[in-house]
Structures are given as C-alpha cells and as structure tokens.
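Trainee: I'd like to learn how to read a structure like this one. Could you take me through it, feature by feature?

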Amino acid sequence: MKITFDWLEDHLKTNFKEKNLLEQLTNVGLEVERVQNLSLDKELFKVAKIIKTIKHPNADRLKVCDVNVGEKELKKVVCGAANAVEGLITVYAPPGSIIPKTKTKLVVAKIRGVTSHGMLCSESELNLSDKSDVIIELPSGYKKIIGKSYFSKSKSNLIDLSITPNRPDCLGIRGIARDLAASGFGKLIVFKEKKIKSNIRQPLKVKIKKEKKQGCSIFGSCLITDVKNTESPKWLKNKLISIGQKPISAIVDITNYVMFDINRPLHAYDADKIEKGIIVRNSKLGEEFTALDNKNYKLEDGMCVISDHKGILGLGGIIGGTRSGTELDTKNILLESAYFKPGSIRTTSKKLNLDTDAKFRFERGIDPLSIENGLNKAAILIKEICGGKISKIDIQKIETHKTKIVKFDINLFEKIVGFKISTKEIFKILENLGFKFKKKKNFFELAVPSWRPDITQEVDIVEELVRISGYDKIRIIDPIKERKKSTLNKSQKLFHFLQRSVASKGYLEAITWSFTDSNYNDYFRGTKKEIKIVNPISTELDVLRNSIFSNLIIYMNKNLDRGFKDLSIYEIGPIFTGSKPGEQNTVVCGLSSGKKSRLSWIEKERNVDVFDVKKDVVQTLIEAGHKSEEFFIDSKTPNYYHPGKSGRLFLKKGAELVAAYFGEIHPSITKKIDMKTESLVGFEIFLDNLKIPKKTLNYHKNKFNFSDYQKSERDFAFIVNKDINAQDLINAIESADQNLISNIKVFDVYEGDNIPESQKSIAINVTIQSTEKTLNDNDLENINKLIIETVENKTGAKIRS
Amino acid sequence: MSDLKKIKDEFLLKLKSKLNLSEVNQMKSDLFGKNGLVSSQFKKIGTIAETERKKFASELNVIKDELQNLINLKIKEIENEEIKEKLQKEKIDITLPERPFVRGKIHPVSQTIDEISSIFSEIGFSVEEGPDVESEYNNFTALNTPENHPARDMHDTFYLDEKKERLLRTHTSPVQIRTMLKDKPPFKIIAPGRTYRSDSDQTHAPMFHQVEGLHIDKNINMGHLKGCLNYFIKEFFELDKIKMRFRPSHFPFTEPSAEVDIGYEMKDGKIVIGEGHQWLEILGCGMVHPNVLRNVKVDPIKFQGYAFGMGIDRLAMLKYGINDLRAFFDCDYRWLNHFGFDPLDVPTNYRGLSR
C-alpha cells in the first residue's frame, strides 16, 4: 500500500512531521517497507520552448531542436515527434533525469551522429497517459514558467507500507489515518458525507440470483448519464502520480481515487453496452469472456459473474470485461459498488490465476457499509469533472450486514500482555478505532466496526489495545534458568553424536536439498517408490530423495570439476520412503573420492577403497556404543554398490534391520555420470535402525575386567577355498575357546604361487590369555591344537605347514 | 703397600688417555676380574699380619671404590659420546611435511542449531522434531490458517499430491501442533528443522532452516516472550547488551503477533549486531492464538503462552558474516572448509558457544 503524508493529511489533522510518521506507522503495525522521494526525481523535468528546428542530417524523421530551458544557452535536443515544431511549449528532461516509464537514466548521447543534450518528453514517457506518438503540448500560459519544474513540488515522499492480510481497512488512506489518530498522532477528520441529490430512479434492473455459494451479497449502483469523459484535473492526476499510479481518464481515475482513499473498489460500466439489466449469478462451466487485461477466460461452474442478458460483463470483484468497459467517448456510465465474499473471490482468482487490485482487496474483506459512501463520493466527483446527471442509488442485497459483538473482559489485557492500562485509556483507544461499547456485569459488549473483518474474539481486542498503546510498554520478564526435562532425547543425542563422529574422520558436512533430480534419484532409488513433487521449482529438483547419494554425487562431481580430487563429504538428514508424513528415515551418508596420501613424500599413495569406508562405518558405530564383536557383515547390498566390493552391517547376527551399507559405488553409475576420479566409495548408516544400547544406568560403564596373567601370541596360516570369508575363520577360532582367546587379528591374505588356484591363504594372529592363571606350555599346546581342529572342521581349511 | 699405590697410579694414568668401550671393559676385568689386580689384592688380606690387616683392607677398599667410580664414569662418558655421535648422524630435515591428515568440518547450520539448542536448554526448553512431509491440516488449518486465507499466499508451498493434502512443511510451526496433540501442557519446546518454500532467488532458497519455539503454561504472557527472546539474542550473539524492538505484525497462529528487530550498524561492509540505529528484522512471534489451542484440545482459558519462529540460516549468516544464503546448500568444498566448524568445537554452556 502506497501513501503520502500529503494524502494522509486529507484525513488526519496533525502537527507531527513525516519523520515522526514513519516511526509511528511501524509502531502500530503498519510496516514501512520503503520510502521514495519521487518529487526529487521529477523536479528535473522542466517546462521548455522549442526555438528552432532543423532536419537531422542523417535521419529523415528526426529533427534537431534548439530548446530554451530557461538557461542562457539553448540546448540541442534530437527529437522524432511530428509535433516538435518551432514555438511549441513542452517538457524537457535533462541528462541525469530518470524517465518514469522506462526507469532509465538519461545521458548525453549521439543520435545518428548528432549529440543530443536531453530529451523532449511524451505523456507516456512521464507516465501521464498512454500517448506516446507526440511530445507534450503545453498551453501558452506555461510561457511564464519556462525553465521551471513541470511537476508541482510535492513535499511528500512516497511511503510504501506492507499491510498484513488481516487489515483490509488499511488498504485505504482513511484506515491508516484512523490507526494513527488512535495512537495519538493526530485527529481523524470527520466529514459530513456528501450525498447524491436526485430524483431519477436507476433504470437498469439489477438482480442478485439467490444461488448456492452466491459470492455477492450486496450490489449497489447508480447511473450517470451524459458525461463527458476527459483527462483528469491536475489535482487528481497529481494525487495518483504521488502514489505511483498512472492517470488514465477522469472516470477511471476517480474510481481509483475512491479505492485508494477509503478502500472502496468501484467498477464503471459503459451503460449503453449493458443489455437490459444486470444479473449477478454463478457462472456455468465453459462460459467465456474477455477481461480488461485483454485475455480470454474460460470459466468453471460457480464463479461469481456480473452479466447482462447477452452474457458475462465481468468477474465480480476481480476484473471487468472489455465489452462494457468505459472509454473516453463513453456517455452513460453505470457505477457498481458491491460486496463480494472473500472466500469466493479467492477460489475464483486462484483457479483462474488472476491477480488484480480489486481481488486483493475483496479477498481480504471490504467494508460492506461503504457501498453508498463510495457511490456518493465517486458520482459527485464525476459530475463535477465530467458533468452529467446522477440517478438515485439502487441497492440490491440478499443478506444484511450484522454488526459483530465481542464480549471483552478488561482483565484479559494484563493477563496476556503483562502490563496494565487504565479503563479510560482502553475505551479511548477502542472508540478511536471505531468500536462502540456497552457495559455489562463483568465485561463489556463491543460492537466491531464494519471495516474490521479480522476482529472476532476477545484476544483480537487485546491485540488492538497493545498495538495502539505500544509494544515498547511490554516489560521484559527474564527467563528462569531451570531445566525440568532433558533437552535432547536418545535419538537426538545419537544424531548429534554421529554427525560429529563422521566429521571427525575427515568428512566435510554438507547440507543439500531434500529433493533431487529424478534421473539421479533413479540410480540410488533401489526398490523405493519415487515421490514426485507436484510443483517442483525446476525439473532438476522434481522428486523427494530416496537416498542422499544422488545429491552428494551431483555436488561431488561439481567439486571434481573445480579441480579437487580427494574429497570426503557427508550429509546427515532425511530420505523419503513415501509421501505420507513420517515416511522418512534419517541417514548419515558419506562419499569419498580419489586417493589417500596423494603426492606424499612419506606415505605410499593409494586409491580410497571399500576398507576405508568400512573403517569409518565400524569405528563410528563402535564410538556410538555398539559392540564390534557382535557385528555381522555380509555382502548383500543395493544395486548402486559394486556387487563384489561392498557390504552390509548388522549390529548382531540375525538382526532384522540393516545398520549400514558401505562400498564402492557401482562402476556403471560413475561411468554414466562421468565422474572423473580414481575411486569412489561411500556408506550409509541408518539411524532409525540403530537400537540405542540399553544400560541399567545411563552413566554406569560396564564392569572393568582385565587379566594380569601372562599372555602369549600364536600365528596360524590356513589354506581355505576362496569362497570362505575371513570372518568364518575368525568365528571358528573364537568358538574354540571363548575364555582363553582374547584377540584375533588377520595379518595376511595371500593368493598365488604355491597355493592352488581355487584357494587362498589367510594368516591369523591369536592372543591367548587366561583370567585365572599363567598358562603353561601344555595348556598352550592344547589350545593350539583345539584352534586348528576347530577351524579345519568348521571351514574345511588346512593349516599350512 | 706400594703395590696398591702403583696399581692406582698406573690405572689413573691409563684412564686419562682416549679409550673405547672395550678397552675400558678390559681395564675393568684387569682390575676386578677373578684374577684381577685388585681382586688378587683382596685375596692377600688373609696373609697380612693382623696388625696391618685392618689398615690394608681399608686402603684397598678406598682404592677399589675410587677406581670403580672412575671406570664407571669413563664408561658413561664414552657411552654419551657414542650416543651423541650417533644422533648427529641421524639428523633429519624437520621441515619436511608431517604425515598427511584430513580434517572434517561441521556445517555452519548444524553448528548454529547446536548453539541454539544449547542456549534454550539452559532455560528449560527441550528439542522436538516433526516430519518434513506434512499434512495440509497441520501446516495450515490447525494453525488457524484455513483454506482461502490470504496468509497462505505468503507460503509458496510444494505439494506432493494434486489434492494438496500433502506438502513439504513451509515452517516448523506444525511441530507445535504435533507436540501439543501428543502431550499435555505445560509445553516448553524448540523445534529446529528443514522447511521448504517454492521460492528461489539470491535471498531465498527452496529449502531453509527454521527454529520454532513454544511455551505454554498457566500464566505465560508477552513479558515472558520478550524476556526469552532478549535472553536468546544476547546469548546467541554473545553480547552483554543488545537493542531489540517488538513491533506489531500479523500471523494467523498468534494473537497478538509481533516481529522482532535488532539494532545494527554497517562497519566495513559488515553487519555489526547490537549497535547502531538501523533495525534488522530477525524473527516473528506472538501469543499462541486461542483457536490454535482449541484445535489441539488445550483449554485457552486455563493455558496460554507464546510461540516464535526464526530462520536459522539467517542467524548463522549474521553471526558468522556469511553473505550468500544459496552458498549454504551449494556444497562447494572451499566454502564448507572455510565456514565449517571443527567437530570438536561443540557449543556448550560451560565452555561458551564459540571458541
């Protein structure tokens, strides 16, 4: 909503200055978005006289004019308008001025080889009208002010307010003035409403059809005959220009003026184009009409239309139609002032994707009692400016406005806002805002003004009072430092722990969109179903992600393109399994590319591999409190992992839920998306599948067990078939004697010479220690034998001699 | 007698010359070995006349100790010499690079969420969460924003079905609804998380982060709201004093509603919070609307309280001097490295939020 201090002063008597105004507007909840000094820009446009014109040497249609701009020297200006002739008084824009229409800054420029110092303006260029073929012709009276500013100096700045959707009343200058007056910024000027004096009946019959979901409840109109539509007088033009509006013609300008002044949208029809009478009704499916935006609209059932006996004239409260629009030669006009229901307006405009000034106002709720006032105001102005005869006002209605009554207990104010104001103050504020009140036993009955559709209950009154008396009066009550409940629950703690645990292993945390490119998503979707976004922001972000990998890979690739090689990134966040609320899982997903120790003088460089990510996964899970001895790992992984170089991890053998996947990304994916890296490995840890380890007491650690008896280490080398996993050997050794075997390490895996092709050799170091005694040679020999026997029996391995 | 003296003098002389370890060891065995010079003197003790014996024995012991000490000293000296020589040969170029290491980082948004949680933890808030996909009801209707409410225009919503019943939450406020439906008052929670709006330009991203706050109890009024936010902003920006301004605004789910500005000034092209005469809007808040309380079966006559919502990304930008919102989600390695936090740098109350 755009206002000026000048216009406000039509409604508000105040001694304050504009500077105070800005602060006060903000204080009462009318947020100042921007303040613009329009007059400063416009002062540069000067009244000027063309002294001489000659034909442009290089262009037939252009002239070079010597222009008197009130300075000693004449300015040379190139101009293409046919009416640029010697003696013409017009408007001159000097270099440095900003042309209102194009918002471009004028510079001294050569036009076809001739330097032009400024420009002679058309009305269109100054946003005064659509006239663009000729430059402005000023009457001879302007001779006296050649060199002076064409626009009258306006002291007021253009103030742009952001009006919240609950305050339609403040979409009119008067509403804003009322709020300011209530807050003590001045006094609201009370007008005696001018009323049409006429004894002519409005002859066009208006009928609001009583239909289900009829969007119009009141339709007021009056006919003005024999008008001469014309250009608006200067005061009116200036008013509209001052708030950034473009004057069009007197009739349009007047309806706009009334709309901005008191937030009463009006519509003017060319009465001669209305067939018989007005019918306000619901549209039928397939009906069409061409609106004033020159677009053709196909309507659905049940949209509120204003029609005549021939068809649709306009969409009520949203936009008029071309068929009955007013033009400069319009003689007889029908002025409409109606009440359209916000819900109906909104449904229709949403469906048609139509946004107009009227719609914006009606969907927020127009004062239903402003119908007559609007008609009076506009019709009288039209008569003043365009002449003609005004009919009586005709009002059709299918519902009557009922004043809302809200019960208000004044104690509620202090209870909600924490400070007190006097009853006197309360009533002064409410009265200034237009409330009427009756005292009952313990409360007051407030009659809500008709322009405040937002006020429906007691707490709304509290807001009015605190808003007007000032939010700065709310005193600070310091919070008490006391915690009754733990801040994080167990799974939140796990989230934070894993987040930092993975980062501590050299990964940079990324946050990427929860949506992704469906092409990439498909690579990592597995068996999950695709979840489309109905209205994505772009085709590259068209689905919710089924895996974090898609985004990480996209961004990893971008970073590789930036010339980085060895990257580790991760994200912790949601993946989606369905489109219902809650169908999501939290995942930590990491991705590593390139090499370890690239170009190191001391370490051997090598590609990152599956055992790097396996380490990261296992270590992270151990750090999170899980027991690695119980982990069960096999090689069944989703299809986006390398089938031979990937694994899945369960916290326990026989567990149902996968705790993590890790491995090389499937080579066909890296090839398809053209990843330029030596190696690409990743992992996913599923937070929802990690059962938080239970302890009897949270902070109690497990019992501290240790043995001081001597330990001894034995090395074994087994030859096994290739399909036997190292884990099988480890499990077998472990099962030989759980009490004495305290540690098992695989220290070599060998395939090749001296070993049959289908077999491999695995070398294992076993630590043997008792908690009860020092083991003697005999004990050790026995356990040795037992280990070999068990492994051979369980895995078919043979001890290497 | 002269025997002893002779031995002593002879060996003292020998020890003064340059010797290696084996020569000294040889000397040691020459003197103290089974048949060494000193050892054989000890054997003599029995043969010496009783009157002389005590003196002889004592003199012999003195010489033995003296020689032993000297030899041990010599050995140490030689060993030291040898180590010194060895170390000198072992000198390396210590300016060569250390073994390679990698350093991970925590995203500034995650760090900021931890900071926020830590601050609110101190005054008794606990953390709640809700799903990213929400029902239209929880996201709008329950929050007193029925269909056809113009306030919905301010939320450019991503929908997941044509009927517009499922959507990506446009704010964290639906967590209020979930929390209040699940439990009984009082409520004192914050809810940080991802939020989505189909809006994208330099200052808007289609996904961003918000933190919701909700405190419902019997007598919680706007003074508590002001106190809570005043405390939070001071703690978050680690300032003793801030300028804060409440101004009336409108949100369908709060009444009265306010927007909160903090004072700032520009210094060398950077925003400095807490000083200056300019105002920066940082959050929206208000007293929870009775309609919302009714929707979650909380009696608005008995219970009342406040709610607030603020942009986490924006708070991070202000605190850490980050200019571009879009860069948060661009995953540029250089950016993550530059603005990221060490994983060990965990914000806590006792240690302080930042290093």
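Trainee: Let's start with B:N144: is this residue buried or exposed?

Mentor: The general idea is to count neighbours: a residue is buried if 20 or more other C-beta atoms lie within 10 Å of its own, exposed if 12 or fewer, and partly exposed in between, with C-beta atoms placed from the backbone. B:N144 has 21 C-beta neighbours inside 10 Å, so it counts as buried. Keep in mind that this is a predicted model, where local features need pLDDT of at least 70, side-chain atom pairs count only at pLDDT 80 or more, and totals for chains, interfaces and linings use all residues. As for labels, residues are numbered from 1 along each chain as its sequence is written, while chains are lettered from A and ligands numbered from 1 in the order in which they are written.

Trainee: Where does B:N144 sit along chain B?

Mentor: For that you need the elements: helices (H or I, at least four residues) and strands (E, at least two) are DSSP runs, numbered from the N terminus. B:N144 is in the loop between α6 (136–139) and β3 (166–168) of chain B. Its phi is near 60 degrees, a positive value in a residue other than glycine. B:K164 also has phi near 60 degrees, and its place is in the loop between α6 and β3 of chain B. B:K164 is partly exposed, though, because it has 14 other C-beta atoms within 10 Å.

Trainee: How do I read the packing of α2(B) and α4(B)?

Mentor: Helix α2 (residues 21–32) and helix α4 (residues 50–89) of chain B pack at about 165 degrees, with axes 10 Å apart. Angles under 35 degrees count as roughly parallel, over 145 as roughly antiparallel, 65 to 115 as roughly perpendicular and the rest as oblique. So α2(B) and α4(B) are roughly antiparallel.

Trainee: What is the hand of the crossing of α2(B) and α4(B), and which residues meet there?

Mentor: A crossing is left-handed if the near helix is turned anticlockwise from the far one by less than a right angle, and right-handed if clockwise. Here α2(B) passes α4(B) in a left-handed crossing. Two residues are in contact if their C-beta atoms, placed from the backbone, lie within 7 Å. On α2(B) the residues are B:L21, B:V24, B:M27, B:K28 and B:L31, and they meet B:L67, B:I71, B:K74, B:I75 and B:I78 in α4(B). By class, that contact has eight nonpolar, no polar and two charged residues. (Ala, Val, Leu, Ile, Met, Phe, Trp, Tyr, Cys and Pro count as nonpolar, Asp, Glu, Lys and Arg as charged, and the others, Gly among them, as polar.)

Trainee: At what angle do α5(B) and α8(B) pack?

Mentor: At about 135 degrees, with their axes 10 Å apart. That makes α5(B) oblique to α8(B), and the crossing is right-handed. B:E115, B:I116, B:I119 and B:F120 of α5(B) make the contact with B:F232, B:E235 and B:F236 of α8(B).

Trainee: How many residues does each chain give to the contact of chain B with chain A?

Mentor: Chain B gives 69 residues and chain A gives 80. Among the elements of chain B that give two or more residues are α5 (108–122), α8 (222–237) and β6 (244–251). The largest share of chain B's side, eight residues, comes from α8(B). That side has 33 nonpolar, 21 polar and 15 charged residues.

Trainee: What does B:S200 touch?

Mentor: Leaving out residues up to four places away in sequence, B:S200 touches A:I537, B:A205 and B:P206. B:S200 counts as partly exposed, with 15 C-beta neighbours inside 10 Å.

Note on methods. Axes fitted to C-alpha atoms, helices over the stretch in contact; angles between N-to-C directions.
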